[in-house]
Amino acid sequence: MKRAKKITFFIVFALIAAFAASVVFGFTSQYGDIESVYIKGVNDIRLGIDIQGGVDVTFEPADGVDATDEQLDAALEVVKLRLASLNINDSEVYCDDQNDRIIVRFPWQAGEENFDPEAAVKELGETAVLTFRAGSEKNEDGTPSGDIVLQGNDVKKAEPLRQPNDDGTFSYVVSLELSDSGAEYFSQITSAMAGTGEAISIWMDNNMISAPTVNEAITDGKAVITGSFDAESAKSLADKINSGALPFKLETSSFKTISPTLGSGALKAMLISALIAFAFIAVYMTVLYRLPGFISVITIIGQIAATLAAVSGWFGFMASSTLTIPGIAGIILTVGMGVDANIITGERIKEEIRSGKSLDSALRSGYKRAFSSILDGNVTSIIVAIILMAAFGTPDSFFAKILNGLFSLFGIGATTEGVIYSFGFTLLVGSLMNFVMGVFAARLMVTSLSRFKAFKNRKLYGGGSNE
């Protein structure tokens, strides 16, 4: 193990302190009424409905309809669109293709005393109304004002396509195939509008989802919607258009509400308990393992900050996640694992010092001997976390796709229980951070301090005497 330089401790400590502060407070700027968020803090963490309170509902096709996967995907887009129209932006919507279910979870509306969750759920399950209208103007109340050109049942199929460009590249578009009656009327309308610069807007209920300009008459019943699409947005638009012609509506198979008072009370109790426990742990580690114990407290703070950063979306390459009560339990569990890793290291260092080795040799050997035990414990937790995230996450998630074959052997699929997924997520991140903070950062800081004359006393590392 290469010895760290004296300045290394101060660099690592400053990085952990700055990182933790940015995670807690974030970084925003205010210009008039507009707030720009550059770094998300703990206040930006999305709380699960078990903390904030909200609604958990499962939809199934009504009247015993055996829906296809494509129809369920289309229905999923309808539900997402209607949630947005209800100003419910912090929601979880999953599609369980194996059981023909759509699971929706959304929190109570913040600051809205008269929010009726049952009415919102009823509106989500109603059959969507898709219309094509002349122009893209809206009335004062936001409803469409143009005349209806086509309705959802006039569209036989919409699908995303990739078409070649003149320069050899490709663009994503949405292809429409109309019914015979729809094709005839659409031909008449587009012939009259071609070259005028007018648009035919596409509406889902009272929400405009696209407004393509009519460039030429469409007489063959096939149209193409162009725009700044990528593969995902083209599929999303096609699903929304297909959903307008769904032959079924959604019915509620399960419905439950969670009081925000219950969740906030549990959150407060867990946070107070965690703070008290951490204070005792900090004292215990410092007294028993002295300098390595004090360093472990710093690295555990860094580990907690990194886990919260992963949840809040602090890292630009990771989407934010929802924090639930089991997710907080996962953070607490990994803190315990981090403490255990530092205890193992501290004991190994004490053993090496008491065996008569020099301080440098004792530190080098102690960290080397401790690593295998730390590795085994954390790899086991990482495996468990991955399985939990695969089993309780969305069916199209990375880990679910990997383990789907294994689950199918037992006739099970992802159950999309977001609260358990949050536990797996924090357990995975916390376990990985045990290596970064509890092993790597702690070793750098301890070996760096050991180069200072004031910290060469072997008693500071658990030794019996200063030899």
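Which residue of β12 is the bridge partner of Ile202? The bridge partner is Ser210. The model is a predicted one, in which local features need pLDDT of at least 70 and side-chain atom pairs count only at pLDDT 80 or more, while totals for chains, interfaces and linings use all residues. Residues are numbered from 1 along each chain as its sequence is written, and side-chain values use heavy atoms, with hydrogens and water left out.

Helices (H or I, at least four residues) and strands (E, at least two) are DSSP runs, numbered from the N terminus; two strands pair if DSSP finds at least two bridges between them. Strand β12 (residues 207-210) runs antiparallel to β11, and three bridges join them. Two residues lie between the strands of this hairpin, where Asp205 takes a positive phi near 60°. Strand β7 (residues 130-134) is also antiparallel to β11, with five bridges, and Leu130 has Met204 as its bridge partner in β11.

Buried means under 20% relative accessible area, exposed over 50%, and partly exposed in between (1.4 Å probe, protein chains only). Five of the five residues of β11 are buried, so this strand is largely enclosed by the rest of the structure. In a regular strand the side chains alternate between the two faces of the sheet. In β11, Ile200, Ile202 and Met204 are buried on one side, and Ser201 and Trp203 on the other.

β11 (200-204) is also among the elements that cover the buried residues of α5, as are β8 (148-151), β10 (170-178) and β13 (222-229); contact here means heavy atoms within 4.5 Å. Those buried residues are Gly182, Ala183, Phe186, Ser187, Ile189, Thr190 and Met193. An α-helix has 3.6 residues a turn, so residues three or four places apart point the same way. The expected span of a helix is 1.5 Å times one less than its number of residues. For the 14 residues of α5 (residues 180-193) this gives 20 Å, and the end C-alpha atoms are 20 Å apart, which agrees. Gly195, which follows α5, has a positive phi near 80°.

Helix α1 (residues 6-25) has 20 residues and should span 28 Å; its end C-alpha atoms are 30 Å apart, which agrees. Its buried residues include Phe9, Val12 and Ile16. Just after α1, Gly26 has a positive phi of about 70°.

A charge sits over a ring if NZ of Lys or CZ of Arg is within 6 Å of the ring centre and within 35 degrees of the ring normal. The charged end of Lys6 sits over the ring of Phe452, 5.3 Å from its centre.
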